Amino acid sequence: MGERVMTQEESIEYLLRRSQRKGDTFPIRREFIQARVEGRLGEPTTGPGPLSDLLRAPHALELLLLVYAVTTGSDFGVTERSQLWGRAAGIYLLADRKASMAVSRQWQHLEKLGLIERRQHGRLKRIIKCRECGLGGESSGAYTVPTGAKSDVYFRVPFAYWREGWHQKLDMPGKAVLLAAMSRRRETFTLPQDTRGARALGLSRHTVTRGIDELLSHELLVKTGTEEVLNVRTKRGYEWVNTYQLAKPFNINLSNSEIKRLKAERLEIERAKDERLEAKYQTLKEVELTVEEVELLALGGNARRKARGRGRLRGPGGPRQASPGQPG
């Protein structure tokens with residue numbers, strides 16, 4: 001009988017619990033999706049972030065996301081066996097030395113992009129995360145905790161990405177668009193499906209379309225309507241684009257301005273609701289008065305019928321006809 005080996009799920013859960021993060025989420029700067037780079041004339045502009053270099057390296061992306069989740073302080077480093085990393089990222093599930101070579105190739109790829117640094121730690125390697133922009137961004141270098149300032153925007157990724165199995169259910173287009181959608185930090189947003197907009201994310205138009213379709217099929221993305229946006233490349237200068245919302249568990253990122261806008265919108269809805277309720281109340285008061293008057297009239301009618309005897313009313317044309325079976 002062979003000895004028991006940790007499963008991929010057990011390996012991931014060990015790493016997530018090791019992080020001791022409150023709220024079971026971890027931050028990623030938006031520059032991982034779109035980095036600030038130097039333009040042709042030396043001016044600052046926005047270009048593809050390191051995510052675009054990982055589209056053909058799914059195992060490297062999984063390793064990086066796990067490193068982002070686990071490292072929380074000090075030198076922002078983590079030391080674990082290659083076999084554990086290999087199982088957690090789905091690279092190599094057996095407990096032998098081949099895992100070291102397989103995982104080492106992925107670390108090397110991430111190190112070349114400037115996303116991690118490897119240091120010797122006894123017989124193991126310590127993995128230290130660097131800034132999310134990698135080597136291509138303006139702020140490349142040692143990692144710091146994101147502040148959330150305008151020049152340091154970040155979004156949060158929930159541990160549910162692994163615990164609900166989305167790391168296995170989603171292909172790379174779906175994962176890339178999911179990260180891009182979370183980085184929008186709005187309740188309702190658009191996703192660029194034209195060639196130029198997709199390239200700004202470091203993705204092809206085909207990848208964005210496939211990713212959106214994948215998220216819609218899994219009901220992680222919900223189509224909410226359309227929005228007219230400026231596009232000078234069209235004949236009329238505007239175009240209609242689809243708007244979307246993220247569903248649970250990924251709808252957790254809202255900017256401060258978006259929170260204020262939503263609060264103001266809800267207050268306006270509540271005010272309008274209160275006005276409608278007040279109008280209904282006034283209408284009901286009028287109806288109640290009318291009902292009281294009807295009751296008074298009915299009571300008066302009953303009194304008149306009793307006075308005439310036997311409770312019969314005379315119609316305008318004379319005595320009321322008796323019902324069949326009653327004496328005339």
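This is a predicted model: local features need pLDDT of at least 70, side-chain atom pairs count only at pLDDT 80 or more; totals for chains, interfaces and linings use all residues.
Close-up 1. The disulfide count comes to zero. A disulfide needs sulfur atoms within 2.5 Å. Cysteine 130 is buried, with a relative accessible area of 11%. Cysteine 133 is buried as well, at 4% relative accessibility.

**Close-up 2. The salt bridge between arginine 131 and glutamate 31**. The N to O distance of this pair is 2.9 Å. Distant parts of the chain are linked here, as the partners are 100 residues apart. Arginine 131 sits in the loop between E6 and strand E7 (154-158). Glutamate 31 sits in the loop between strand E1 (25-29) and strand E2 (34-38). Both arginine 131 and glutamate 31 are buried.

**Close-up 3. Glutamate 265 and arginine 261 in helix H10**. A salt bridge joins the two, with the closest N and O atoms 3.1 Å apart. They are four residues apart in the helix (residues 256-308), so about one helical turn separates them. Glutamate 265 is partly exposed at 38% relative accessibility. Arginine 261 is partly exposed too, with a relative accessible area of 32%. Elsewhere, salt bridges with shared partners join Arg29, Glu31, Arg131, Glu132 and Asp152 into one network. The structure holds 19 salt bridges.

**Close-up 4. Leucine 124 in strand E6**. The strand covers residues 124-129. Leucine 124 is partly exposed, with a relative accessible area of 29%. Beyond residues up to four places away in sequence, leucine 124 touches Thr79, Glu80, Arg81 and Arg119. Its C-alpha atom is separated by 8.1 Å from that of serine 82, 42 residues apart along the chain.

Note on methods. Residues are numbered from 1 along each chain as its sequence is written. Side-chain values use heavy atoms; hydrogens and water are left out. Helices (H or I, at least four residues) and strands (E, at least two) are DSSP runs, numbered from the N terminus. Buried means under 20% relative accessible area, exposed over 50%, partly exposed in between (1.4 Å probe, protein chains only). Contact means heavy atoms within 4.5 Å. A salt bridge is a side-chain nitrogen of Lys or Arg within 4 Å of a carboxyl oxygen of Asp or Glu.
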